[in-house]
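Student: I have a protein model open on my screen, and I would like to learn how to read its features one by one. Could we go through it together?

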Amino acid sequence: SDLNPMVVDNGYIANKAGLLTFTLPTTCAVGKVLRVTGMNTDVGWRIAQSANQIIHFGASTTTTGAAGYIESTQMHDSVELVCCVADLEFIVVSSVGNITIA
């Protein structure tokens, strides 16, 4: 799969015949926002992490570091993340669909 570094305060649309993997920015200030949505296929997008990064989704948290990720399960699944600890921690503040948390 492709790796696509995300840029803060941007929205992304996964429009590819297969999984499109985005990576969290390694530099991100508290309060900065990232948005991802999918179209085209059910296997839409994954947001991958770098070393020491985590994503909080309600009471769930991804595996710390490069092994952790969240991803879509249906065509139009969407998430909005806000950075809560500079460079390292992100919270999903809104979502559509049944997001996989790993």
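Tutor: Let us begin with the order of the elements, which from the N terminus on run β-β-β-β-β-β-β-β-β-β-β. The chain has zero helices and eleven strands, where helices (H or I, at least four residues) and strands (E, at least two) are DSSP runs, numbered from the N terminus. Keep in mind that this is a predicted model, in which local features need pLDDT of at least 70 and side-chain atom pairs count only at pLDDT 80 or more, while totals for chains, interfaces and linings use all residues. Residues are numbered from 1 along each chain as its sequence is written, and side-chain values use heavy atoms, with hydrogens and water left out.

Student: What radius of gyration would a compact globule with 102 residues have, and what does the chain have?

Tutor: The radius of gyration is taken over C-alpha atoms, and the globule rule is 2.2 Å times the number of residues to the power 0.38. For 102 residues the rule gives a value near 13 Å, and the chain, with 12 Å, agrees with a compact globule. Its C-alpha atoms fill a box of roughly 35 × 25 × 25 Å along the principal axes.

Student: How do I read a pair of aromatic rings?

Tutor: A pair of aromatic rings is described by the distance of the centres and the angle of the planes. Rings of Phe, Tyr and Trp (its six-membered ring) pair if their centres lie within 6.5 Å, and planes under 30 degrees apart count as stacked, over 60 as edge-to-face and the rest as tilted. By this rule the count here comes to one aromatic pair. Tyr12 and Phe22 form this tilted pair, with 5.3 Å from centre to centre and 50° between the planes. Because Tyr12 lies in strand E2 (residues 10-15) and Phe22 in strand E3 (residues 20-23), the pair ties together parts that are ten residues apart in sequence.

Student: Are Tyr12 and Phe22 buried or exposed?

Tutor: Buried means under 20% relative accessible area, exposed over 50%, and partly exposed in between (1.4 Å probe, protein chains only). Tyr12 counts as buried at 18%, and Phe22 is buried at 4%. Over the chain, buried residues make up 40% of the 102 residues.

Student: Which residues does Glu71 touch, not counting residues up to four places away in sequence?

Tutor: Contact means heavy atoms within 4.5 Å, and with those neighbours in sequence left out, Glu71 touches Leu19, Trp45, Arg46, Ile99 and Thr100. Glu71 lies in strand E8 (residues 69-71) and is buried, with a relative accessible area of 17%.
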